[in-house]
Structures are given as structure tokens and as C-alpha cells.
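Hi,

Here is the structure I said I would pass on.

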Amino acid sequence: MKSFSESYKAAGVDVTAGYKAVELMKNHVARTKIPGVVSGIGGFGGLFQPDLSGMNTPLFVSGTDGVGTKLKIAFLMDKHDTIGIDCVAMCVNDVVCCGAKPLFFLDYLAVGKNYPEKIEQIVSGVADGCVQSGCALVGGETAEMPGFYPVDEYDLAGFSVGMVDRDRMIDGSKIEAGDVIIGLQSSGVHSNGFSLVRKIFNISEKNINMQINEFGHTLGEELLTPTKIYVKPVLALMEKVGIKAISHITGGGFFENIPRMLKPNTTAKIELASLPKLPVFSMMQRQGNIPDREMYNTFNMGIGMCMVVPKDQANTAVAELNSMGEHAYVMGSVVTGEEGVVLC
């Protein structure tokens, strides 16, 4: 017999809605099951047995993040089935930067009011992100918090744990001048800088569904495009090419993220003409009258992830990535210097 409290319900927390939400999400969680999953949802902790075969010194790698104010776009559009992809992407794209394979993911969802069907939509996106990255959704938490969040709003965060053999870890230590930087095209704004995005477009119910010819769809659809997950192509490329460093282009844009993959006394020289020109960034810069440097210091500007490879393997890397359905570009090179990033 499941618990029920009339007094708790009167205070704004309906535990029976929580039970229904769990039932609705079970099929989505099942889609993410991979070898190693020991437990189902409902326990106090998610259990996972990693496969350590062939590893000399296995290292666990963890990453955590949320979706941020991109959630405001989901609220306005009343569309909640893709925001979970963003949550997973922000974590697993970080984890894979050191060459680790994400193993499992857990989410934390705090809501003003538990609408089970809405919870299912959100978790369906989380499950989609886990499938795209090859990791399992082994648990999570849904917290109903009346009076803290408005009834139609929520916050979503999560974390992922991956694993890599120390001998295969990617840490930038082998970078040298002359190496080539390969960029992977983003799907748009991804999940960073949305406080500025919302200010630029003056986002409201009046314009969120406005058709934008440059996008080929509405403003809201463009901004809600899920963050691209790069895990599978990066892990596949590791088997073909000697990747020396990887950077996930998130908050802080090029100027903060690219130097994080470099070693001292090296600089990334980025050829701007080689980068993809996504209409959303041009429109934001034009409408917001934002200087070039600030655009590259806030947004991914069409490149969601970049990696350093030896010069003689650059063409192979681009060809392999494109064969996997990615849009890869030679976007620059590593040179000697202290600047971190130079845009040319």
C-alpha cells in the first residue's frame, strides 16, 4: 500500500502524483539500459558494475551541470521533451573531453507542482540524451517544491560518471606547435548565454512563436534546439586518430574553453573564415549590437566541440567525423605563445 497524506497534499505536495510520474517514466528509463546496469529505478541508489577488462588503471570521470535559463524558452513554448537532452549533453560532453566513456547519468528535477505527464516529457528527453551518448539513466530525484517554484516552472540538473584507462586519457600534455585544431559544428546556441539571448530578442509570449525566415522556423524552435551530443563520434575517432586534446565550447565561449585544453606556452590560432556561419549568431550580434570578441567570449559561434590532432592526421580526422554524420572543419592550429586564443 502506497503512502498518502491529505495534510501534505493540502500544503501543495501530492505524493500520488509522484507515484504516477514514476510509472510513466519507466519505459523511458528502460530504453537507456546498457550492460553494467544492476538496479532499476526505485532503490535508494543506482547500481552499476563497470567492465574493467583490458584496463590497466581505470579512472572514473564525473561531470555535472544544469540547463540554465534556456528553461524559460521551454516554459513559454510549453514544450518539455527536449530540454532533458540539453541536461545530459552538458554533462557527457564534458566527460568525454578526457577520452572517457560516459557510463551512467542521474537527474534532479525540482518542480513547483508535479504534473506527471509533464514529468514524463522531461524525462523522455533525458532518456533520449542518454541513448545518444550510450550511457544509462540509473536514477534521479523529482522534488515537488510549492512556494519555491511557480506551479508551471521547474529546474533541471544532473550528473554523469564515465571511465577511461589512465593510459588512454586525453589531457593535452602531448600538444606541440604545428598540431591542427578540428571543430565540430554545433546545433545552435546549445545551453549557454541564454540570459543574454533572452535580452537580445526580448523574449515573450508575443514573439516566441514568430516565424523567422533566416531560421526556416520559429524563434522558439531555433532557441530550443537541443545541445548536440558528441560522445559517440569522439570515442569512435579515438580508435582512428591520436587525439591530443578536446574542448567542449560552453559558457565562456572560445576564450575560456579552448585554453583549458592547451598546455603552457601554446596558443590556439583560430581561422574565423573556416567556421560555419549559423544564422542565429549573426542575428543576435546584429540585433544586440554585440562586438565580435564578446560574441566569441559568450557563445559557441557554430562550433560545439574542438580537438587537437597531429597535422598529418587532420584530413583523416575530418573525413572520419563527416562519415559519421558530423560537420567537421579544420578551424586552426596550435602555435607557440601565451595568448591562449588568437582569432584571425
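Let me start with a helix pair: V197, I200 and F201 in helix 6 meet M283, M284, Q287 and G288 in helix 10. Sorted by class, this contact between helix 6 and helix 10 has five nonpolar residues, two polar ones and no charged ones. Please keep in mind that this is a predicted model.

On geometry, two packed helices are described by the angle between their axes and by the distance between those axes. Here, helix 6 (residues 194-201) packs against helix 10 (residues 279-288) at about 65 degrees, and their axes are 9 Å apart. The crossing of helix 6 past helix 10 is left-handed.

As general background, nonpolar side chains in soluble globular proteins tend to be buried together.

Which residues does F254 touch, once neighbours within four places in sequence are set aside? The contacts of F254 are I249, P259, I270, L275, Y296, F299, N300, M301, I303, M331, V341 and L343.

I also looked at A100, which sits in the loop between helix 4 (83-95) and strand 2 (101-111). Is A100 buried or exposed? A100 counts as buried because its relative accessibility is 0%, and the cut-off for buried is under 20%. Leaving out neighbours within four places in sequence, A100 is in contact with V61, V95, G162, M163, V164 and L235. A100 and R168 are 68 residues apart in sequence, yet their C-alpha atoms are 8.8 Å apart in space.

Finally, the annotated spans. UniProt, in an unreviewed entry, lists "domain: PurM-like N-terminal" at residues 60-164. That span is 36% helix and 36% strand, and its end C-alpha atoms lie 7 Å apart. The UniProt record, also unreviewed, places "domain: PurM-like C-terminal" at residues 176-342. Residues 176-342 are 32% helix and 22% strand, with the end C-alpha atoms 16 Å apart.

Happy to talk any of this through once you have had a look.

Best wishes

How values were computed:
Residues numbered from 1 in each chain as written. Predicted model: local features only at pLDDT ≥ 70, side-chain atom pairs only at ≥ 80, totals over all residues. Heavy atoms only, no water. UniProt positions renumbered as here; feature names shortened; annotations may be inferred. Helix = DSSP H or I, 4+ residues; strand = E, 2+ residues; numbered from the N terminus. Buried < 20%, exposed > 50% of the residue type's maximum accessible area, 1.4 Å probe, protein only. Contact = heavy atoms within 4.5 Å. Axes fitted to C-alpha atoms, helices over the stretch in contact; angles between N-to-C directions. Left-handed = near helix turned anticlockwise from the far one by under 90°. Nonpolar A, V, L, I, M, F, W, Y, C, P; charged D, E, K, R; others polar.
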